[in-house]
Amino acid sequence: MDNYILLNFILIIFNAFKTSIGHFMKGIILKSYLQHVENSYGIEVLNLAIDRCKLESGGLYINMLTYNDEEINSLITETSSIVNKSANQVEQEFGNHFFNDLLNEYGSYFEKSNMKDFIHYLNNYIHPEIDSSIDGAITPKFKLDERNDYFILTYTSERKMSYFALGLLLACNNYFDNEYEIKLSEISGKNTYFEFHVCHQ
Ligand code: HEM
């Protein structure tokens, strides 16, 4: 076996082991976060945040490998202190940025007639497909509860990235002609359960 194959084999085994013992996230999201910080705040802020975090990965991410959730949390915390914004605000801005990445990469997934249809598709097809086809991927669940003229989305995830989800949902709503007003309305439990009220404007 040459060294390159051996190294890849070790990386795969190591990743499978990591994902079985904690909360881990795919490099695709972390890479997108670094890009977002560079675009919005400049390379100096990005380098300073990476330096301050003392990341296990050194800030080098590969899309389909997994990294400790702590990396994204500390990157968001450090960025927010450097740019003097709240961590929630930075996380939400990143959600908006990530939506545009998704749109560029998977445009056809968004060919739905409205946001509600898209959320059904996300829940029933996109995220489950990712969980089953990408080793170690864990996507959140959005339970959709229809009321008379609005719906409630309940977000459940151990990752607690509710403001990231809010940024994504607001950008998604904007893409579908701002049909709704979206509010993050309840945070409870161990901070793993959130509700979004999605009402007609
Ligand atoms: C507006 C639409 C979407 C929303 C609101 C959404 C929401 C989220 C959130 C909040 C996460 C972070 C993980 C967590 O909270 O547990 C996540 C992860 C992810 N989503 Fe979505 N998502 C959307 C669309 C998509 C689309 C279109 C794709 C791909 C085609 C996608 C692929 C992924 C992947 C690969 C992850 C990372 C999984 C991991 O790290 O293990 N999402 N999504």
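Tutor: The shell around the ligand takes at least two residues from each of strand E1 (24–26), helix H2 (27–41), helix H5 (87–105), helix H6 (115–133) and helix H7 (162–175). Helices (H or I, at least four residues) and strands (E, at least two) are DSSP runs, numbered from the N terminus. H7 gives the most to this shell, five residues, so let us look at H7.

Before going on, please note that this is a predicted model, in which local features need pLDDT of at least 70 and side-chain atom pairs count only at pLDDT 80 or more, while totals for chains, interfaces and linings use all residues. Residues are numbered from 1 along each chain as its sequence is written.

Around the ligand there are 24 residues, and those that come nearest are Lys26, Ala137, Ser157, Leu168 and Cys172; a residue is near if its C-beta atom, placed from the backbone, lies within 6 Å of the molecule. The shell divides into 19 nonpolar, three polar and two charged residues (nonpolar: Ala, Val, Leu, Ile, Met, Phe, Trp, Tyr, Cys and Pro; charged: Asp, Glu, Lys and Arg; polar: the others, Gly among them).

H7 is mostly covered, with ten of its 14 residues buried, that is, with 20 or more other C-beta atoms within 10 Å of their own, the C-beta atoms being placed from the backbone. Leu168 and Cys172 are among these buried residues, as are Ala165 and Leu169.

Of its 35 residues, Ala165, Leu168 and Leu169 touch the most other members. H7 gives the most to this core, with eight residues. Because domain 1 (3–85) and domain 2 (107–200) both give residues to this core, it lies between them; the bounds come from an automatic or database domain assignment.

Leu168 is in contact with Gly95, Phe98 and Phe99, leaving aside its neighbours within four places in sequence; contact here means C-beta atoms, placed from the backbone, within 7 Å.

As for the helix itself, the 14 residues of H7 should span 20 Å at 1.5 Å a residue, and its end C-alpha atoms are 20 Å apart, which agrees; the expected span is 1.5 Å times one less than the number of residues. After H7 comes Asp177, with a positive phi near 60°.

Technical notes:
A nonpolar core is a set of buried Ala, Val, Leu, Ile, Met, Phe, Trp, Tyr and Cys residues joined through C-beta atoms within 7 Å. A residue is buried if 20 or more other C-beta atoms lie within 10 Å of its own, exposed if 12 or fewer, and partly exposed in between; C-beta atoms are placed from the backbone. Two residues are in contact if their C-beta atoms, placed from the backbone, lie within 7 Å.
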